[in-house]
Amino acid sequence: MGFLNSIWNYCNCIPTRSWELFENTTNQFYEDFNTTVDLMSMEAETIERLTDTREPKISKEFKASRIYQSFTTIAAAGKEDLPESSTLYSMQRQQRRRAQNVTTKPVIMHKRTASSDMLSRNISIILENLLKSYEQSQLPTHGQGVPTIVRTNILIRSMGPVSELDMEYSMDCYFRQYWRDKRLSFQGPIKSLSLSIKMLDKIWRPDTYFFNGKHSHIHTLTVPNKLLRLDQDGGILYSMRLTIKATCPMELKNFPMDHQSCPLIIGSYGYTRGQLVYEWKGADDAVSFVPGMTLNQFDLISMRSRNLTYTRREGEFSVLHVAFNLKRHTGYFLIQVYVPCILIVVLSWVSFWIHREATSDRVGLCVTAVLTLSTISLDSRTDLPKVKYATALDWFLLMSFLYCIATLLEFAGVHYFTKVGSGEIPAMSEDEWEDIDDEAIADIEIDHITHDHDLPTSIHESNESLASEYPQSLTGGFRKRNVMICPIYNDPTHVFQAPSSHASTMERTTQTEPPIISKTKQMWLCFIGDDKFRKQRERDAASQKGSHDWQ
């Protein structure tokens with residue numbers, strides 16, 4: 001009793017307010033404790049219900065059925081030690097796993113879902129706060145008096161083909177742009193946010209385009225290949241996968257041993273240099289390639305990137321310029337064009353060792369060589385533009401043509417100069433021959449009369465018989481005017497005959513010998529068809545034939 005009285009006296013000394021606070025705290029503790037006990041009992045009942053192996057109360061009718069017998073067989077087998085490979089053992093193991101998952105899985109899933117929901121809710125709140133007073137049409141540095149700087153780099157995945165016909169090239173690349181917009185800076189545990197591409201329609205972005213682009217496009221399978229990332233300090237990364245097709249002015253005078261420089265020019269479409277400035281991000285690796293990338297017809301020798309200022313009517317614009325220096329492979333053209341043409345020209349020279357009488361063989365060989373070269377020339381020009389100058393390949397094919405044609409002309413000259421005048425040319429009809437000028441006939445008759453005075457009487461009689469036949473033989477000594485034929489120059493008697501030993505002194509004094517013309521000049525006059533030279537040769541040939549008949 002003394003102990004209880006001391007406790008009572010102590011409690012009376014406690015202030016009323018503190019006592020009420022202690023009483024409320026104690027009541028709250030008992031309520032939480034009872035709630036926890038109830039939850040633990042409910043959980044224990046649930047586990048016991050799921051893992052209960054006692055047999056339920058069954059009626060007699062159900063015991064007599066086949067279903068009950070099958071259940072009792074499985075229950076009896078479960079009490080024994082079953083092998084791990086049996087079906088019953090696997091069924092029991094699955095039941096135990098399900099009972100364990102029922103108690104543990106919901107708690108874990110609830111924790112993950114709650115954290116992810118909270119994170120997504122926080123990101124949405126951050127973006128909503130950032131875009132409340134955001135003006136999309138204004139530059140990030142609007143009103144600050146300095147231009148916005150956009151840094152760019154390119155990673156090229158593949159390059160080609162390079163078309164000489166259209167003078168263009170294509171490449172597949174990752175095009176990245178970096179800029180800072182302080183209006184989008186935020187504070188939080190997250191350093192960077194990966195945003196949906198729909199945010200691009202709500203924030204400012206540079207109006208970048210390719211000055212020399214033709215048919216560039218963004219890849220959209222399976223979704224648009226774009227990436228947008230926002231940092232805490234307002235830094236923005238905008239990356240996309242592009243296929244760029246751009247023009248490439250080419251100089252093809254040295255084709256196919258040429259070097260080409262294909263440019264790519266990047267800049268803003270509407271912002272001048274005072275508003276937007278482009279820079280390469282990283283001077284050394286601003287433009288890089290995927291390891292192992294190769295081109296079909298070219299070798300990439302080097303590339304040069306630089307910052308330039310492009311002046312247009314609207315003002316000065318900041319642009320980025322990169323030039324890809326390419327060197328063409330000559331292996332294809334060496335195998336397909338150069339080696340076949342050289343072999344064809346050498347083959348046409350085989351006609352020099354064929355007998356000159358085999359006319360059809362030599363002509364057929366040369367003509368076939370020319371036609372083959374024509375086919376190769378046309379095929380090599382299909383992939384080239386119609387430029388106003390000749391390429392190195394054109395000059396090579398032209399020289400091959402000249403070699404083959406010279407071979408054919410050589411045979412024609414040999415055939416002509418060895419057969420004309422040797423009797424191998426067939427005689428023509430009488431009405432195709434040319435009439436001899438009266439002056440030529442008179443000169444020939446004077447020569448015969450002069451010779452008759454110096455000859456014996458027997459020779460005069462034979463000369464009279466020859467005189468009756470002379471016009472006919474004279475008629476066969478001349479060709480038509482439109483036929484360009486000269487005598488053989490290997491026979492010196494066909495050029496200009498020497499003075500005859502039978503000529504009289506009067507003949508030597510009255511007749512003036514024609515001037516001696518060089519053989520080269522005679523061939524040239526014969527080739528151009530000089531009419532005066534042809535008539536003179538006809539007179540000389542007629543007089544020479546008349547003297548032979550007289551002898």
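Start by selecting Arg 157: at 32% relative accessibility it counts as partly exposed, a class that runs between buried (under 20% relative accessible area) and exposed (over 50%), using a 1.4 Å probe and protein chains only. You're looking at a predicted model, where local features need pLDDT of at least 70, side-chain atom pairs count only at pLDDT 80 or more, and totals for chains, interfaces and linings use all residues. Residues are numbered from 1 along each chain as its sequence is written, and side-chain values use heavy atoms, with hydrogens and water left out.

Asp 172 sits in strand β2 and Arg 157 in strand β1 (residues 148-163), so the contact ties together parts 15 residues apart in sequence. Strands here are DSSP runs of E, at least two residues, and helices are runs of H or I, at least four, both numbered from the N terminus. Asp 172 itself is buried, with a relative accessible area of 8%.

Glu 168 is buried at 12% relative accessibility, while Lys 214 is partly exposed at 36%.

Next, colour strand β7 (residues 235-247). How many of its 13 residues are buried? The count is 10, leaving β7 mostly covered. Have a look at its neighbours, where pairing calls for at least two DSSP bridges between strands:

- β2 (residues 168-180) runs antiparallel to β7 over 13 bridges, and Phe 175 stands opposite Met 240 in β7.
- β6 (residues 226-231) is antiparallel to β7 too, with 5 bridges; find Leu 230 opposite Ile 236.
- β5 (residues 217-218) joins β7 through 2 antiparallel bridges, with His 217 partnering Thr 243.

Zoom in on the hairpin of β6 and β7: 3 residues lie between the strands, and Gly 234 takes a positive phi near 90 degrees.

Last stop: Asp 394 and Arg 381, whose side chains meet in a salt bridge at 2.7 Å, N to O. Asp 394 is in helix α8 (residues 392-419) and Arg 381 in the loop between α7 (359-380) and α8, 13 residues apart. Asp 394 is buried at 18% relative accessible area, and Arg 381 is partly exposed at 24%.

Definitions and conventions. Salt bridge = Lys/Arg side-chain N within 4 Å of Asp/Glu carboxyl O.
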